[in-house]
Amino acid sequence: MLRGAPSRVGVCFDIDGVLVRGKEVLAGAREAVQKLRSVGVPYVFLTNGGGHLESVRARRLSDRLEVPVDPAQVVLAHSPMQQLVPEFGKKRVMILGCREEVDVAKAYGFERVTTPQAFHALHPELYSFRAASPHPHDDHHEDPIEALVVMHDPADWHIEVQVCLDILLGRDPVRMSSGEPEVDPTHRTQVVPLYNSNDDFIYASSYPHPRLAQGAFIETLSALFRKTTGGTSELKVNRFGKPHVVTFDFARKILEKQHDGPLERIFMIGDNPDADVAGANNAGDPFRSVLLETGVFKQGQDTNNADFVVPGVWDAIEQLVLPLHEELSKAGSSSSTK
(Lines give C-alpha, C1' and ligand atoms only; values in the text may rest on other atoms or scores of the structure.)
Protein backbone atom coordinates (compact mmCIF):
# COMPACT_ATOMS: atom_id res chain seq x y z
CA MET A 1 0.00 0.00 0.00
CA LEU A 2 2.82 2.40 0.98
CA ARG A 3 6.18 2.55 -0.76
CA GLY A 4 8.60 4.15 1.70
CA ALA A 5 10.01 3.04 5.04
CA PRO A 6 7.47 2.91 7.92
CA SER A 7 6.65 6.37 9.26
CA ARG A 8 5.82 7.43 12.81
CA VAL A 9 3.48 10.11 11.45
CA GLY A 10 -0.02 9.52 10.06
CA VAL A 11 -2.57 11.66 8.25
CA CYS A 12 -6.36 11.77 8.16
CA PHE A 13 -7.64 13.62 5.12
CA ASP A 14 -11.11 15.06 5.02
CA ILE A 15 -12.34 14.86 1.42
CA ASP A 16 -14.86 17.57 0.51
CA GLY A 17 -13.28 21.00 0.79
CA VAL A 18 -9.81 19.50 1.26
CA LEU A 19 -9.10 17.24 -1.72
CA VAL A 20 -12.13 17.97 -3.89
CA ARG A 21 -14.89 20.54 -4.13
CA GLY A 22 -17.84 19.36 -6.16
CA LYS A 23 -16.41 17.93 -9.40
CA GLU A 24 -13.14 19.83 -9.01
CA VAL A 25 -9.94 18.26 -7.66
CA LEU A 26 -8.36 20.99 -5.53
CA ALA A 27 -4.87 22.29 -6.18
CA GLY A 28 -2.15 20.15 -4.61
CA ALA A 29 -4.48 17.28 -3.69
CA ARG A 30 -3.04 14.68 -6.06
CA GLU A 31 0.52 15.71 -5.23
CA ALA A 32 -0.17 15.55 -1.47
CA VAL A 33 -1.53 12.01 -1.49
CA GLN A 34 1.05 10.73 -3.96
CA LYS A 35 3.86 12.22 -1.86
CA LEU A 36 2.70 10.53 1.33
CA ARG A 37 2.44 7.23 -0.47
CA SER A 38 5.95 7.57 -1.89
CA VAL A 39 7.59 8.32 1.48
CA GLY A 40 5.64 5.74 3.49
CA VAL A 41 3.41 7.99 5.60
CA PRO A 42 0.17 6.10 6.40
CA TYR A 43 -3.05 7.94 5.64
CA VAL A 44 -6.80 7.47 5.62
CA PHE A 45 -9.65 9.43 4.11
CA LEU A 46 -11.88 10.42 7.03
CA THR A 47 -15.12 11.97 5.86
CA ASN A 48 -18.61 12.61 7.15
CA GLY A 49 -19.84 11.65 3.71
CA GLY A 50 -21.29 8.23 2.98
CA GLY A 51 -24.35 6.53 1.64
CA HIS A 52 -22.37 3.83 -0.14
CA LEU A 53 -19.77 1.19 0.66
CA GLU A 54 -16.17 2.10 1.38
CA SER A 55 -15.12 0.25 -1.76
CA VAL A 56 -17.25 2.59 -3.91
CA ARG A 57 -15.65 5.71 -2.43
CA ALA A 58 -12.20 4.13 -2.76
CA ARG A 59 -12.68 3.62 -6.50
CA ARG A 60 -13.87 7.20 -6.97
CA LEU A 61 -10.94 8.61 -5.01
CA SER A 62 -8.48 6.44 -6.89
CA ASP A 63 -9.79 7.71 -10.22
CA ARG A 64 -9.77 11.36 -9.16
CA LEU A 65 -6.48 11.41 -7.25
CA GLU A 66 -4.68 9.08 -9.67
CA VAL A 67 -3.33 6.89 -6.87
CA PRO A 68 -4.42 3.44 -5.64
CA VAL A 69 -6.86 3.65 -2.72
CA ASP A 70 -7.67 0.59 -0.64
CA PRO A 71 -11.21 0.42 0.83
CA ALA A 72 -9.55 -0.05 4.22
CA GLN A 73 -8.19 3.50 3.87
CA VAL A 74 -11.68 4.98 3.64
CA VAL A 75 -13.58 5.88 6.82
CA LEU A 76 -17.08 7.07 5.99
CA ALA A 77 -19.42 8.61 8.53
CA HIS A 78 -21.19 5.29 9.00
CA SER A 79 -18.10 3.02 8.94
CA PRO A 80 -17.84 2.86 12.77
CA MET A 81 -21.50 1.83 12.89
CA GLN A 82 -20.31 -1.68 12.11
CA GLN A 83 -19.75 -1.81 15.87
CA LEU A 84 -23.56 -1.89 16.31
CA VAL A 85 -23.94 -5.22 14.51
CA PRO A 86 -23.32 -7.46 17.54
CA GLU A 87 -26.27 -5.81 19.30
CA PHE A 88 -28.64 -5.12 16.40
CA GLY A 89 -27.54 -7.42 13.57
CA LYS A 90 -30.47 -9.79 14.05
CA LYS A 91 -33.00 -7.20 15.16
CA ARG A 92 -35.22 -5.09 12.94
CA VAL A 93 -33.71 -1.64 12.40
CA MET A 94 -34.83 1.35 10.36
CA ILE A 95 -32.18 2.87 8.11
CA LEU A 96 -32.39 6.49 6.94
CA GLY A 97 -30.58 8.11 4.02
CA CYS A 98 -30.99 8.99 0.37
CA ARG A 99 -28.48 6.73 -1.38
CA GLU A 100 -27.47 3.07 -0.94
CA GLU A 101 -27.83 2.83 2.84
CA VAL A 102 -29.88 -0.36 2.82
CA ASP A 103 -27.19 -2.17 0.84
CA VAL A 104 -24.51 -0.75 3.15
CA ALA A 105 -26.38 -1.87 6.27
CA LYS A 106 -26.81 -5.40 4.92
CA ALA A 107 -23.15 -5.56 3.90
CA TYR A 108 -22.18 -4.56 7.45
CA GLY A 109 -24.29 -7.42 8.84
CA PHE A 110 -27.69 -5.91 9.67
CA GLU A 111 -30.08 -8.68 8.62
CA ARG A 112 -33.52 -7.10 9.22
CA VAL A 113 -33.59 -3.70 7.58
CA THR A 114 -36.44 -1.35 6.74
CA THR A 115 -36.81 2.33 5.78
CA PRO A 116 -39.39 5.04 6.56
CA GLN A 117 -40.76 4.68 3.03
CA ALA A 118 -41.14 0.91 3.38
CA PHE A 119 -42.76 1.35 6.79
CA HIS A 120 -45.18 3.88 5.31
CA ALA A 121 -46.06 1.42 2.55
CA LEU A 122 -47.08 -1.09 5.23
CA HIS A 123 -48.87 1.51 7.36
CA PRO A 124 -50.22 4.22 5.03
CA GLU A 125 -52.34 5.70 7.82
CA LEU A 126 -49.14 7.12 9.37
CA TYR A 127 -48.84 9.79 6.68
CA SER A 128 -51.75 11.02 4.62
CA PHE A 129 -50.11 13.67 2.43
CA ARG A 130 -48.78 11.11 -0.02
CA ALA A 131 -50.08 7.82 -1.30
CA ALA A 132 -47.99 4.90 -0.08
CA SER A 133 -46.19 2.94 -2.76
CA PRO A 134 -44.86 -0.64 -2.66
CA HIS A 135 -41.31 -0.83 -1.38
CA PRO A 136 -38.95 -3.82 -1.53
CA HIS A 137 -36.89 -3.24 1.60
CA ASP A 138 -38.96 -4.83 4.41
CA ASP A 139 -39.19 -8.59 4.88
CA HIS A 140 -39.76 -8.53 8.67
CA HIS A 141 -42.83 -6.32 8.97
CA GLU A 142 -44.23 -8.09 12.05
CA ASP A 143 -41.17 -7.30 14.18
CA PRO A 144 -40.96 -4.03 16.14
CA ILE A 145 -38.30 -1.50 15.19
CA GLU A 146 -35.46 -1.82 17.72
CA ALA A 147 -33.26 1.06 16.52
CA LEU A 148 -33.25 4.04 14.18
CA VAL A 149 -29.96 4.38 12.29
CA VAL A 150 -29.38 7.56 10.26
CA MET A 151 -26.57 6.56 7.91
CA HIS A 152 -26.70 9.47 5.47
CA ASP A 153 -28.63 12.64 4.70
CA PRO A 154 -32.39 12.02 4.69
CA ALA A 155 -34.02 13.70 1.71
CA ASP A 156 -37.73 13.25 2.44
CA TRP A 157 -37.89 15.06 5.76
CA HIS A 158 -41.64 15.39 6.29
CA ILE A 159 -42.49 11.72 6.12
CA GLU A 160 -39.21 10.68 7.77
CA VAL A 161 -39.70 13.00 10.75
CA GLN A 162 -43.25 11.77 11.24
CA VAL A 163 -42.33 8.09 11.10
CA CYS A 164 -39.30 8.60 13.33
CA LEU A 165 -41.33 10.43 15.96
CA ASP A 166 -43.89 7.61 16.04
CA ILE A 167 -41.21 4.95 16.46
CA LEU A 168 -39.15 6.90 18.99
CA LEU A 169 -42.21 7.46 21.18
CA GLY A 170 -43.52 3.89 20.89
CA ARG A 171 -46.70 4.87 19.08
CA ASP A 172 -46.12 3.08 15.79
CA PRO A 173 -48.70 0.42 14.78
CA VAL A 174 -46.38 -2.57 15.23
CA ARG A 175 -45.35 -1.75 18.78
CA MET A 176 -48.84 -0.70 19.86
CA SER A 177 -50.35 -3.95 18.55
CA SER A 178 -47.63 -6.20 19.96
CA GLY A 179 -49.49 -6.87 23.19
CA GLU A 180 -46.48 -5.82 25.27
CA PRO A 181 -47.02 -3.30 28.10
CA GLU A 182 -46.31 0.25 26.96
CA VAL A 183 -43.21 1.87 28.45
CA ASP A 184 -45.07 5.17 28.66
CA PRO A 185 -48.81 5.23 27.84
CA THR A 186 -48.60 9.01 27.40
CA HIS A 187 -46.00 8.52 24.65
CA ARG A 188 -43.69 11.21 26.01
CA THR A 189 -40.68 8.94 26.59
CA GLN A 190 -38.12 7.76 24.04
CA VAL A 191 -38.38 3.98 23.80
CA VAL A 192 -36.16 3.27 20.78
CA PRO A 193 -32.49 4.34 20.46
CA LEU A 194 -31.41 6.71 17.70
CA TYR A 195 -27.95 6.50 16.09
CA ASN A 196 -26.66 9.25 13.81
CA SER A 197 -23.57 8.97 11.62
CA ASN A 198 -22.96 12.64 10.89
CA ASP A 199 -23.62 15.80 12.91
CA ASP A 200 -22.42 18.20 10.20
CA PHE A 201 -24.95 21.02 10.02
CA ILE A 202 -23.56 22.30 6.70
CA TYR A 203 -21.17 21.13 4.00
CA ALA A 204 -19.26 22.71 1.13
CA SER A 205 -20.32 22.01 -2.45
CA SER A 206 -19.85 23.64 -5.83
CA TYR A 207 -22.49 26.19 -4.78
CA PRO A 208 -20.81 29.32 -3.35
CA HIS A 209 -22.64 29.07 0.00
CA PRO A 210 -22.75 26.10 2.43
CA ARG A 211 -25.64 23.62 2.15
CA LEU A 212 -27.70 22.06 4.95
CA ALA A 213 -26.43 18.61 5.91
CA GLN A 214 -27.48 15.62 7.99
CA GLY A 215 -26.98 17.43 11.29
CA ALA A 216 -29.72 19.86 10.29
CA PHE A 217 -32.15 16.92 10.05
CA ILE A 218 -31.20 15.77 13.56
CA GLU A 219 -31.64 19.31 14.91
CA THR A 220 -35.09 19.44 13.33
CA LEU A 221 -36.07 16.03 14.67
CA SER A 222 -34.81 16.96 18.14
CA ALA A 223 -36.79 20.20 18.17
CA LEU A 224 -39.98 18.45 17.08
CA PHE A 225 -39.43 15.65 19.62
CA ARG A 226 -39.16 18.28 22.36
CA LYS A 227 -42.29 20.05 21.09
CA THR A 228 -44.23 16.79 20.75
CA THR A 229 -43.43 15.74 24.32
CA GLY A 230 -44.47 19.13 25.67
CA GLY A 231 -40.91 19.98 26.57
CA THR A 232 -40.74 17.16 29.11
CA SER A 233 -38.16 15.07 27.27
CA GLU A 234 -35.03 15.61 25.17
CA LEU A 235 -34.15 13.34 22.28
CA LYS A 236 -31.13 11.16 23.07
CA VAL A 237 -28.88 10.74 20.04
CA ASN A 238 -25.99 8.27 19.92
CA ARG A 239 -23.50 10.07 17.71
CA PHE A 240 -20.89 8.83 15.26
CA GLY A 241 -18.81 10.65 12.66
CA LYS A 242 -16.69 13.73 13.18
CA PRO A 243 -16.24 15.35 15.71
CA HIS A 244 -16.95 12.39 17.97
CA VAL A 245 -14.11 10.46 19.58
CA VAL A 246 -15.52 7.07 18.56
CA THR A 247 -14.81 7.89 14.91
CA PHE A 248 -11.31 9.21 15.55
CA ASP A 249 -10.50 6.08 17.56
CA PHE A 250 -11.74 4.01 14.64
CA ALA A 251 -9.49 5.95 12.21
CA ARG A 252 -6.49 5.74 14.55
CA LYS A 253 -6.76 1.96 14.73
CA ILE A 254 -6.79 1.74 10.92
CA LEU A 255 -3.69 3.93 10.68
CA GLU A 256 -1.91 1.90 13.34
CA LYS A 257 -2.74 -1.26 11.43
CA GLN A 258 -1.13 0.25 8.32
CA HIS A 259 1.89 1.28 10.38
CA ASP A 260 1.96 -1.98 12.36
CA GLY A 261 2.13 -0.10 15.65
CA PRO A 262 1.35 3.16 17.48
CA LEU A 263 1.99 6.53 15.84
CA GLU A 264 3.56 9.53 17.55
CA ARG A 265 1.52 12.08 15.61
CA ILE A 266 -1.62 12.05 13.46
CA PHE A 267 -2.56 15.17 11.54
CA MET A 268 -6.28 15.65 10.91
CA ILE A 269 -6.41 17.85 7.79
CA GLY A 270 -9.85 19.36 7.27
CA ASP A 271 -11.86 22.45 6.37
CA ASN A 272 -14.59 22.38 9.03
CA PRO A 273 -13.79 23.84 12.48
CA ASP A 274 -16.82 22.15 14.07
CA ALA A 275 -16.10 18.68 12.66
CA ASP A 276 -12.43 18.28 11.77
CA VAL A 277 -10.82 20.63 14.29
CA ALA A 278 -13.14 19.85 17.17
CA GLY A 279 -12.83 16.13 16.52
CA ALA A 280 -9.04 16.10 16.52
CA ASN A 281 -8.91 18.33 19.58
CA ASN A 282 -11.44 16.14 21.42
CA ALA A 283 -9.51 12.99 20.55
CA GLY A 284 -6.28 14.39 22.00
CA ASP A 285 -2.88 12.81 21.50
CA PRO A 286 -1.62 11.76 19.03
CA PHE A 287 -4.00 13.94 16.95
CA ARG A 288 -3.29 17.50 15.85
CA SER A 289 -5.82 19.64 13.97
CA VAL A 290 -4.94 21.32 10.67
CA LEU A 291 -7.51 23.73 9.24
CA LEU A 292 -7.53 24.62 5.54
CA GLU A 293 -9.03 27.64 3.78
CA THR A 294 -10.35 25.73 0.76
CA GLY A 295 -13.76 24.67 2.06
CA VAL A 296 -16.18 25.65 4.82
CA PHE A 297 -13.66 27.75 6.76
CA LYS A 298 -12.71 31.19 5.48
CA GLN A 299 -10.04 33.62 6.69
CA GLY A 300 -11.24 35.74 9.59
CA GLN A 301 -13.69 33.14 10.94
CA ASP A 302 -13.31 31.32 14.26
CA THR A 303 -10.79 28.48 13.91
CA ASN A 304 -12.17 26.60 16.93
CA ASN A 305 -8.64 26.46 18.40
CA ALA A 306 -7.07 24.68 15.45
CA ASP A 307 -3.45 23.74 16.07
CA PHE A 308 -2.49 24.93 12.59
CA VAL A 309 -4.16 27.00 9.87
CA VAL A 310 -2.75 26.80 6.33
CA PRO A 311 -4.10 27.79 2.90
CA GLY A 312 -4.33 24.37 1.23
CA VAL A 313 -3.63 20.66 1.49
CA TRP A 314 -0.17 20.77 -0.09
CA ASP A 315 0.84 23.47 2.40
CA ALA A 316 -0.13 21.11 5.23
CA ILE A 317 1.95 18.30 3.79
CA GLU A 318 4.97 20.46 2.94
CA GLN A 319 5.04 22.57 6.10
CA LEU A 320 3.86 20.11 8.77
CA VAL A 321 3.76 16.45 7.80
CA LEU A 322 6.97 15.97 5.82
CA PRO A 323 9.27 17.88 8.21
CA LEU A 324 8.03 15.89 11.22
CA HIS A 325 8.23 12.64 9.25
CA GLU A 326 11.84 13.36 8.37
CA GLU A 327 12.69 14.46 11.91
CA LEU A 328 11.23 11.35 13.54
CA SER A 329 12.72 9.09 10.87
CA LYS A 330 16.19 10.52 11.55
CA ALA A 331 15.70 10.19 15.29
CA GLY A 332 14.66 6.59 14.86
CA SER A 333 17.63 5.84 12.64
CA SER A 334 20.03 7.45 15.13
CA SER A 335 18.67 5.51 18.09
CA SER A 336 18.80 2.23 16.19
CA THR A 337 22.53 2.68 15.44
CA LYS A 338 23.53 3.39 19.04
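The C-alpha centres of domain 1 and domain 2 lie 31 Å apart. Domain 1 covers 9-77 + 243-335, and domain 2 covers 79-239. These bounds come from an automatic or database domain assignment.

This is a predicted model: local features need pLDDT of at least 70, side-chain atom pairs count only at pLDDT 80 or more, and totals for chains, interfaces and linings use all residues. Residues are numbered from 1 along each chain as its sequence is written, and side-chain values use heavy atoms, with hydrogens and water left out.

**The interface**

The size of an interface is often given as the accessible area lost when the parts come together. The table sets out the values for this one.

| Item between domain 1 and domain 2 | Value |
|---|---|
| Buried area | about 1800 Å² |
| Share of buried area on carbon and sulfur atoms | 54% |
| Salt bridges | 0 salt bridges |
| Polar contacts (both at pLDDT 80 or more) | 9 residue pairs |

Buried area is the accessible area (1.4 Å probe) that two parts lose on being put together, summed over both.

In domain 1, Gly51, Ala77 and Phe250 lose the most area to domain 2. Together they make up 25% of what that side buries. Helices (H or I, at least four residues) and strands (E, at least two) are DSSP runs, numbered from the N terminus.

**Pairs across the chain**

The structure holds 9 aromatic pairs (ring centres within 6.5 Å). In one, the rings of phenylalanine 13 and tyrosine 43 have centres 6.2 Å apart and planes at 70 degrees, so the pair is edge-to-face. Planes under 30 degrees apart count as stacked, over 60 as edge-to-face and the rest as tilted. Phenylalanine 13 is in strand 1 (residues 9-13) and tyrosine 43 in strand 4 (residues 43-46), 30 residues apart.

The whole structure has 14 salt bridges. Each puts a side-chain nitrogen of Lys or Arg within 4 Å of a carboxyl oxygen of Asp or Glu. Glutamate 111 forms one with lysine 90, the closest N and O atoms being 3.0 Å apart.

Definitions and conventions. Polar contact = N/O pair within 3.5 Å; in protein donor to acceptor, adjacent residues only side chain to side chain. Phe/Tyr/Trp six-rings, centres within 6.5 Å; stacked < 30°, edge-to-face > 60°.
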